[in-house]
Amino acid sequence: MKDKIKELGYAIAKGSVGSIPLAGGVLSELFSVAFTDPATKRREQILLEMDARLKKLEKDGFDIQRLAESEEFLTIALQAYNIALRTHQAEKRAALMNAITNTPKLSIDENIKLMYLTYIDEFNEWHLRILSFLDNPLKYFIDNNKPKPNLYMGSKSAILLQAYPELASRREFYDRIVTDLYSRGLIVYDSLHVMMSEQGLWQSGTSEFGKQFLKYISE
């Protein structure tokens, strides 16, 4: 079974990595030194991560051979692999690996799964962090051993900045992220600067579509 898992990983790589035409000479040598070796290492690391996820699925009782023959699973795995090749951000890579693991577990329409992968590709790690935070702000403070801000009223941005003070001078940046999340139907408001009651501040800000996305990309 171990060999079958490796074969699936190699098949994924073989089916998705195309040749890159080079101009030759100095350009070819530069590409080889600057990109080929690091890219190979990244590819190998991703395959190892995928191999670990396949083994986990097998441990959870899934038939790897049947998954290898599933068009949906292979499509998702190939798409996740290609996206992973294009990023070094650990949170995005983890989300992609979780999507592979969750593909046979969650009964989500295949087209929605592919849509979610596209979102991961388009997003940066702050999209994922802010979305997760807005889904359950109180849980963030508890999980990270941070004191809950004592606010009787305020805006979502106030508690976001308490959670991530490094965003304090980056309003334009996180506002853009909120717009991105809202435009894709993942959160229920298009601004974090609306005044709310204390109860409203701590309520989940994600839509059902957003909660499903988070479930799909979470371990």
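A residue is termed buried when its relative accessible area is under 20%, exposed when over 50%, and partly exposed in between, with a 1.4 Å probe and protein chains only. By this definition glutamine 89, at 17% relative accessibility, counts as buried. The structure is a predicted model, in which local features need pLDDT of at least 70 and side-chain atom pairs count only at pLDDT 80 or more, while totals for chains, interfaces and linings use all residues. Residues are numbered from 1 along each chain as its sequence is written, and side-chain values use heavy atoms, with hydrogens and water left out.

The chain contains twelve helices and two strands. Helices (H or I, at least four residues) and strands (E, at least two) are DSSP runs, numbered from the N terminus. Read from that end, the order of elements is α-α-α-α-α-α-α-α-β-α-α-β-α-α. Of the 219 residues, 39% count as buried. Contact denotes heavy atoms within 4.5 Å; among contacts with a separation of 6 or more, 73% join residues 24 or more positions apart.

The interior may be considered next. A nonpolar core is a set of buried Ala, Val, Leu, Ile, Met, Phe, Trp, Tyr and Cys residues joined through side-chain atoms within 4.5 Å. The largest such core has 54 residues, and Ile130, Phe133 and Phe213 have the most contacts inside it. Helix 4 (residues 71–85) gives the most to this core, with seven residues. Leaving aside neighbours within four places in sequence, isoleucine 130 touches Leu160, Leu167, Tyr174, Ile177 and Leu181.

Leu160 also belongs to the buried residues of helix 9 (residues 156–163), which are Lys156, Ser157, Ile159, Leu160 and Ala163. These residues lie on the same side of helix 9 because they cover an arc of only 165 degrees around the axis, the arc being that of the directions from the helix axis to the C-beta atoms. They pack against helix 7 (125–135), helix 8 (137–143), strand 1 (153–155), helix 10 (171–183), strand 2 (195–197) and helix 11 (198–202).

Glutamine 89 is located in the loop between helix 4 and helix 5 (90–102). Its side chain reaches the backbone nitrogen of glutamate 125 at 3.0 Å. Beyond neighbours within four places in sequence, glutamine 89 is in contact with Asn124 and Glu125. Glutamate 125 in turn forms a salt bridge with arginine 129, with the closest N and O atoms 3.4 Å apart. A salt bridge here is a side-chain nitrogen of Lys or Arg within 4 Å of a carboxyl oxygen of Asp or Glu. Because glutamate 125 and arginine 129 are four residues apart in helix 7, about one helical turn separates them.

The whole structure holds 13 salt bridges. Another joins aspartate 180 and arginine 176 at 3.0 Å, N to O, again four residues apart, in helix 10. Aspartate 180 is buried at 15% relative accessibility, whereas arginine 176 is partly exposed at 48%. Elsewhere, salt bridges that share partners join Lys56, Asp60 and Lys105 into one network. Lysine 105 lies in the loop between helix 5 and helix 6 (110–122) and aspartate 60 in the loop between helix 2 (25–59) and helix 3 (64–68), so the pair ties together parts 45 residues apart in sequence.

Technical notes: A polar contact is a pair of N or O atoms within 3.5 Å; within protein, one must be able to donate a hydrogen and the other to accept it, and residues adjacent in sequence count only if both atoms are side-chain atoms.
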